[in-house]
Amino acid sequence: MCGIAGYIGPRNAVEVVYDQLKRLEYRGYDSAGVAYLNGGGTIHVVKRAGKLGELGKVLWDGDGTPESGGGPGGEGIDVPHLAIAHSRWATHGGPTDENAHPHFDRYGDVALIHNGIIENYLDLKGELAAAGHSFESETDTEVAAHVIGQEYAKGVPLEEAVRQAVRRMRGAFAFVAFSKRERDKFVAARNASPLIVGLGQGENMVASDIPALIPYTREVVAVEDDRIAVLERDGVRLMDLEGKPVPLESFHVDWDVEAAEKGGYEHFMLKEIHEQPDVIRGALAGRIDDKGRVRLDQVFGDHVWQDIDRVNIIACGTAYHAGLMGKFLFERLLQLPTDVFFSSEFRYGDPILSPKSLAVFVSQSGETLDSLAALRLCKQRRIRTLGVVNVVGSSIARECDRTVFTQAGPEISVASTKAYTAQCLVLMLLALHIAQVKETPGVRIDEAVADLRAFAEKAEVCLRLEDEVKALAERFKGAPLVFFLGRNADAHVAREGALKLKEIAYIPTQESPAGEMKHGPLALVEQGTLAIFGATDADVREKTVSNVREVQARGGFVVAVTTEGDDSLDGVAEAVLKVPASRSAYLNALLSVLPMQLFAYYVAKAKGCEIDQPRNLAKSVTVE
Ligand code: M6R
């Protein structure tokens with residue numbers, strides 16, 4: 001995800017913020033920029049698409065490092081004492097110089113960097129355009145800068161302008177801004193995107209994450225939601241959105257740098273599992289309007305949806321499993337015939353493609369070669385294409401006719417976790433969008449939206465199963481084979497649970513619809529064989545209970561993942577894990593992936609496996 005850095009103090013501020021961005025590089029980004037004040041009170045800005053070195057080359061006119069000379073603070077050049085910097089992971093608009101931060105207000109007085117998403121930016125942009133504002137980038141950040149500038153033009157101090165502007169914005173965001181008219185401070189604001197203030201002696205700083213601050217200070221303040229921070233050389237003030245002062249509560253960080261990058265978690269995978277409540281919020285951000293309607297601006301116009309007669313979802317690995325969930329929903333909700341293909345099979349399978357069909361490409365990286373090749377085949381055959389992609393600016397995102405981004409932030413662990421959850425949610429938003437357009441009878445958008453809005457909190461509750469799951473993992477770390485079973489959507493999630501265990505804990509798995517067991521795989525069940533059942537679907541619960549009994553009759557040990565309020569497996573399965581329920585069978589099944597991800601993680605950990613980089617696998621598979 002994007003990185004934020006800001007500094008005021010006696011050091012060369014540009015060198016400090018550049019170094020801070022370097023320390024956030026592990027999070028992934030695709031462009032970077034810096035703005036600083038020189039002694040004469042002019043704001044300088046340098047922004048570049050690409051890696052930090054590209055920015056460094058322009059800043060220091062050398063090999064991209066401050067040591068190479070020239071640039072701010074170089075010989076005979078003022079040392080800047082206030083700077084902000086940003087590494088951008090594109091969301092609104094591609095990774096270009098123009099879209100890189102910082103952005104300015106209409107008058108060029110205020111420079112702004114921003115993480116997160118401003119949900120109502122299109123409405124705000126419309127209002128500003130009507131008042132004569134024009135924009136140089138495609139970003140929501142520039143809109144925010146103009147909103148702040150509009151407030152600032154009323155003659156108030158910068159912190160007041162930021163406070164008023166924040167009240168006009170909806171979404172999850174963190175800002176840092178400074179003005180050439182108030183050279184002794186900068187202002188930061190937080191609403192649901194991470195923002196950390198670092199307290200120094202005669203210097204203060206801010207960043208989106210702790211690793212950026214560690215070389216400069218270990219006294220930090222985790223800014224809470226709806227707070228504005230004003231940073232000066234000799235102090236930091238916090239206030240709430242009413243402008244009332246809030247006490248600063250700092251804490252001491254004693255993590256080493258590596259632990260700090262992982263947010264205190266031992267592995268990126270565990271961090272990413274725990275990020276899922278926020279990822280859910282991120283995937284929904286800006287996509288449900290005030291009237292409780294789904295709003296997907298990036299997709300085709302309404303007439304296209306009326307024309308589409310079939311959907312083909314094409315993907316690999318975890319993304320393929322998300323595709324299976326998409327099929328479940330598209331057929332259940334929309335009665336829209338849907339097939340799911342492995343990308344590697346699609347191209348050589350001589351697929352029959354209706355000219356009215358839609359090909360949906362699901363991919364975290366957007367660079368998976370098999371999926372890209374399948375996409376190119378569809379384009380040759382003039383089939384409409386839609387991407388569900390995490391990485392903005394990636395090949396699949398660029399080449400699809402339309403792309404909806406999953407907004408999950410960079411996923412570093414090779415085993416995909418948070419990207420899957422975000423993919424499934426985006427596919428649900430897509431299905432609801434189509435239902436809205438086609439006014440599909442029987443689809444209750446209001447209920448589905450209410451369930452989606454409550455989903456992040458349910459994921460938080462679900463993560464509290466961690467200790468129970470850990471104990472099961474410890475018990476079964478030596479299992480020679482594990483079954484993952486379920487019916488309907490539970491069967492699709494079971495496949496994903498199995499893939500996780502295979503890839504990071506190297507345990508063979510047998511995943512299949514529970515009803516299929518008796519047609520063959522049941523022969524593998526022996527005394528003590530572990531079978532994990534996804535059993536969240538109330539419609540087929542009795543059938544699932546029968547399948548559980550079949551496994552137990554052969555000596556199997558059953559762990560059932562079911563919903564709170566369902567007692568049909570209590571006292572039946574050897575262990576029952578309950579996830580919070582909602583009305584949607586799809587969401588209930590999706591939630592059950594969290595304990596399965598945790599199970600895989602803790603088994604791998606107990607076995608001492610290389611969790612973030614499992615053997616033989618790569619994060620992005622760019623070979624056939
Ligand atoms: O980047 P993509 O989503 O296109 O990647 C697809 C698969 O390679 C990926 O999901 C892979 O299966 C992961 N290792 C699963 O954890």
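**View 1. Arginine over the ring of Y506 in the predicted model.** In this predicted model, R615 is placed over the face of Y506. The distance from R615 to the ring centre is 3.7 Å.

**View 2. Arginine over the ring of Y152.** Here R181 lies over the face of Y152. The distance to the ring centre is 4.3 Å.

**View 3. The aromatic pair of Y18 and W60.** The structure contains eight aromatic pairs. One of them joins Y18 and W60 in an edge-to-face arrangement, with 4.8 Å from centre to centre and 80 degrees between the planes. Y18 belongs to helix α1 (residues 13-22) and W60 to helix α2 (residues 52-60), so the pair ties together parts that lie 42 residues apart in sequence. Y18 has a relative accessible area of 6% and is buried. W60 is buried too, with a relative accessible area of 1%; both values fall under the 20% limit for a buried residue.

**View 4. The aromatic pair of F300 and W305.** The ring centres of F300 and W305 are 5.8 Å apart. Their planes stand at 75 degrees, so the pair is edge-to-face; the class requires an angle over 60 degrees. Both F300 and W305 are buried.

View 5. A polar side-chain atom of T368 is 2.5 Å from an oxygen atom of the ligand. At Q364, a polar backbone atom lies 2.6 Å from an oxygen atom of the ligand. V414 contributes a backbone N or O atom, which is 3.3 Å from a nitrogen atom of the ligand. On its own the ligand has 410 Å² of accessible area, and the protein covers 91% of this.

**View 6. The shell of residues around the ligand.** There are 14 residues around the ligand, of which S363, Q364, S365, T368 and E503 come nearest. The elements that give two or more residues to the shell are α10 (317-334) and α18 (489-505). By residue class, the shell divides into five nonpolar, seven polar and two charged residues.

Definitions and conventions: Residues numbered from 1 in each chain as written. Predicted model: local features only at pLDDT ≥ 70, side-chain atom pairs only at ≥ 80, totals over all residues. Heavy atoms only, no water. Phe/Tyr/Trp six-rings, centres within 6.5 Å; stacked < 30°, edge-to-face > 60°. Helix = DSSP H or I, 4+ residues; strand = E, 2+ residues; numbered from the N terminus. Buried < 20%, exposed > 50% of the residue type's maximum accessible area, 1.4 Å probe, protein only. Lys NZ or Arg CZ within 6 Å of the ring centre and 35° of its normal. Near = heavy atom within 4 Å. Polar contact = N/O pair within 3.5 Å; in protein donor to acceptor, adjacent residues only side chain to side chain. Areas by Shrake-Rupley, 256 points an atom, 1.4 Å probe, with all protein chains shown as cover. Nonpolar A, V, L, I, M, F, W, Y, C, P; charged D, E, K, R; others polar.
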